[in-house]
Amino acid sequence: MPQGAYWTPVADALAHLREKLHPVCGVEGIPLCQGANRILAGPAIALRAHPPATNSAVDGYAFSGPIPEGAHELTLVDDRSAAGDPYTGVVPAGHAIRILTGADVPQGTDTIILQEDITTDGKAIAFNGPLKTGSNARQAGEDMARGQIILPGQHKLKPCDLATLASAGVGRLNVRKRLRVGILSTGDELLEPGAMACPGKIYDANRSMLCAAITRWGYDVRDLGIAPDNRDTIKATLDQAARDCDVILTSGGASAGDEDHISALLQNTGSLALWRIAIKPGRPLALGIWNKTPVFGLPGNPVAAAVCALLFARPALSVLAGAGWVDPVSYKIPAAFRKNKKGGRQEYLRARMTPEGSAEIFGSEGSGRVSGLSWATGLVALPDEAVAIDIGTPVTYIPFGEMGL
Ligand SMILES: Nc1nc2c(c(=O)[nH]1)N[C@H]1C(S)=C(S)[C@@H](COP(=O)(O)OP(=O)(O)OC[C@H]3O[C@@H](n4cnc5c(N)ncnc54)[C@H](O)[C@@H]3O)O[C@H]1N2
Ligand code: MOO
């Protein structure tokens with residue numbers, strides 16, 4: 001650790017964000033079909049029981065149970081109950097009725113036998129017991145009761161949640177308005193991807209990555225482009241962005257070099273809350289406020305920008321967007337590598353899980369080695385303190401998928 005500066009521990013930086021941030025997005029009503037990735041403004045209540053009526057889980061025959069052990073014969077009612085076209089009469093005792101999967105179980109019946117388990121001449125069915133009452137029937141409300149809370153407020157909706165809500169009769173949702181996230185790259189050296197290459201220039205890797213992550217997280221991306229290393233231009237860009245966005249993510253210029261304008265500008269406003277974090281990669285993360293809008297000054301090196309976005313921006317944006325703080329889900333798996341880590345800062349290594357279920361790491365820890373981000377399927381997180389990792393030592397693995405990527 002370089003001397004002469006204070007390095008905020010990762011846990012302190014996360015605690016600071018968690019304490020200071022609060023939801024900034026209003027509420028709007030939307031149709032259910034647009035709900036994926038949106039955040040519920042309040043609990044979702046089942047407007048209808050699911051299933052709404054007891055229905056059949058199979059194609060077969062319905063009758064009144066229980067049926068004792070032995071051979072049985074039941075006379076068939078000359079009708080049927082089908083999904084969407086239920087039988088509305090009453091099935092008399094000692095009778096059975098043809099029933100199809102999903103059809104309401106008619107009055108006078110409560111038990112269904114699979115069509116494969118009977119023989120029939122079209123007038124009666126013959127089969128062997130025993131059958132318990134309720135066999136092959138899906139009871140009304142067994143999945144969701146009317147009035148039940150089916151999803152809590154602050155929940156970010158997954159595609160499968162839309163099936164749950166639809167089944168419970170919910171057609172419209174009250175959700176948080178989408179968080180507007182500005183993404184700005186800074187640096188004279190940056191070119192738009194695909195532009196004519198020239199000496200001294202590199203392609204902007206961070207903006208596409210960050211814009212895509214923001215979209216995956218369900219937020220509204222405001223692409224602020226590339227700003228040159230000119231303090232007035234960056235200042236004007238931030239002024240406009242603070243009007244158009246709820247939060248701004250920048251990359252580059254977060255350190256303390258002559259052209260590191262983001263940290264300098266935030267420092268000038270007196271709002272640079274956190275700057276140097278005890279983390280590798282990502283040491284010069286600059287967290288501040290620009291005209292009341294939170295700014296995440298991510299480091300320029302793409303790997304550091306990715307790690308800081310996942311570790312700090314993701315939970316913070318989740319709070320701002322109304323979904324509350326989210327910790328990444330991690331797994332303890334054996335290391336497939338050796339490393340002697342020094343104490344003082346947390347380290348995040350590009351990693352992937354081997355077919356045997358252990359964690360291998362990318363060949364280089366250089367935070368400009370962007371290809372390692374594509375190689376990896378997640379990160380191995382190493383603690384602040386010194387650790388000696390040998391093959392088989394349990395390490396913390398966080399799949400990118402658990403961080404919404
Ligand atoms: N004296 C010190 N120097 C540096 C320190 C330090 O603590 N003291 N930290 C180093 C670390 S660690 C990092 S990370 C970088 C971060 O610095 P900045 O955030 O100021 O980033 P830049 O200097 O602007 O850029 C760093 C590096 O990344 C490239 N870059 C920037 N933006 C992009 C982009 N959008 N796409 C692709 N590559 C990008 C840039 O060209 C530089 O190579 O500071 C160290 N120095
Ligand atoms: O944050 Mo830097 O990327 O550690 O090299």
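Start with Lys-292. In this predicted model, the residue has a relative accessibility of 79% and counts as exposed, because the cut-off for exposed is over 50%. Lys-292 sits in the loop between β19 and β20. Check its backbone: phi is positive, about 75°, although Lys-292 is not a glycine. Most residues other than glycine have a negative phi.

Now select Gln-154. Its phi is also positive, about 75°, and it is not a glycine either. Look for Gln-154 in the loop between β11 (149-151) and α2 (159-167). At 43% relative accessibility, Gln-154 counts as partly exposed.

**Two cis peptide bonds**

Go to Gly-65 and Pro-66. The peptide bond joining them is cis, with omega about 0°. Pro-66 belongs to the loop between β4 (60-63) and β5 (67-81).

Next, select Lys-280 and Pro-281. The bond from Lys-280 to Pro-281 is cis as well, with omega near -5°. Pro-281 is placed in the loop between β18 (279-280) and β19. Most peptide bonds are trans.

**Ligand 2**

Stay on Pro-281, which is one of the residues surrounding ligand 2.

A polar backbone atom of Gly-282 is 2.3 Å from an oxygen atom of ligand 2. For Arg-283, a backbone N or O atom lies 3.2 Å from a ligand 2 oxygen. From Ser-367 the side chain takes part: one of its N or O atoms is 2.5 Å from an oxygen atom of ligand 2.

**Ligand 1**

Follow the side chain of Arg-283 to ligand 1. An N or O atom in that side chain is 3.1 Å from an oxygen atom of ligand 1. Which residues come nearest to ligand 1? Of the 20 around it, they are Glu-189, Asp-204, Ala-205, Ser-255 and Asp-260.

A polar backbone atom of Ser-255 is 2.9 Å from an oxygen atom of ligand 1. A backbone N or O atom of Gly-300 lies 3.0 Å from a ligand 1 oxygen.

**Helix α5**

Select residues 261-269, which form helix α5. Its buried residues are His-261, Ile-262, Ser-263, Ala-264, Leu-265 and Leu-266. What covers them? The cover includes β13 (180-186), α4 (231-244), β17 (247-251), β19 (286-290) and β20 (293-298). After the helix comes Gly-270, with a positive phi near 80°.

**The nonpolar cores**

The largest nonpolar core has 50 residues. Those with the most contacts inside it are Leu-179, Val-181, Tyr-219, Phe-296, Leu-298, Phe-312 and Leu-317. Seven elements each supply at least two residues of this core: α1 (10-20), β13, α3 (206-216), β17, β20, α6 (302-321) and β25 (378-382). Helix α6 gives the most, with 15 residues. Domain 1 (10-25 + 178-321) and domain 4 (331-403) each provide at least three residues of the core.

Zoom in on Leu-298. Beyond four places in sequence, its contacts include Leu-210, Leu-249, Ala-254, Leu-285, Ala-305 and Cys-308. A second, separate core has 17 residues, including Leu-238, Ala-241, Ala-242 and Leu-272.

**Out to domains 3 and 4**

Color by domain. Besides domains 1 and 4, the division has domain 2 (27-48 + 149-176) and domain 3 (55-138). The C-alpha centres of domain 3 and domain 4 lie 58 Å apart.

Select Thr-109, in the loop between β6 (95-99) and β7 (111-114). Is Thr-109 buried or exposed? Thr-109 is buried, because its relative accessible area is 11% and the limit for buried is under 20%. A polar atom of the Thr-109 side chain lies 2.8 Å from the backbone oxygen of Pro-106. Leaving aside neighbours within four places in sequence, Thr-109 contacts Ala-62, Phe-63, Ser-64, Val-91 and Ile-97.

Finish at Thr-393, in the loop between β26 (387-389) and β27 (394-399). At 23% relative accessibility, Thr-393 counts as partly exposed. A polar atom of its side chain lies 2.9 Å from the backbone nitrogen of Asp-390. Beyond four places in sequence, Thr-393 is in contact with Ile-333, Pro-334, Ala-335 and Ala-388.

Terms used
Residues numbered from 1 in each chain as written. Chains lettered and ligands numbered in written order. Predicted model: local features only at pLDDT ≥ 70, side-chain atom pairs only at ≥ 80, totals over all residues. Heavy atoms only, no water. Buried < 20%, exposed > 50% of the residue type's maximum accessible area, 1.4 Å probe, protein only. Helix = DSSP H or I, 4+ residues; strand = E, 2+ residues; numbered from the N terminus. Contact = heavy atoms within 4.5 Å. Near = heavy atom within 4 Å. Polar contact = N/O pair within 3.5 Å; in protein donor to acceptor, adjacent residues only side chain to side chain. Core = buried A, V, L, I, M, F, W, Y, C linked by side-chain atoms within 4.5 Å. Domains from an automatic or database assignment.
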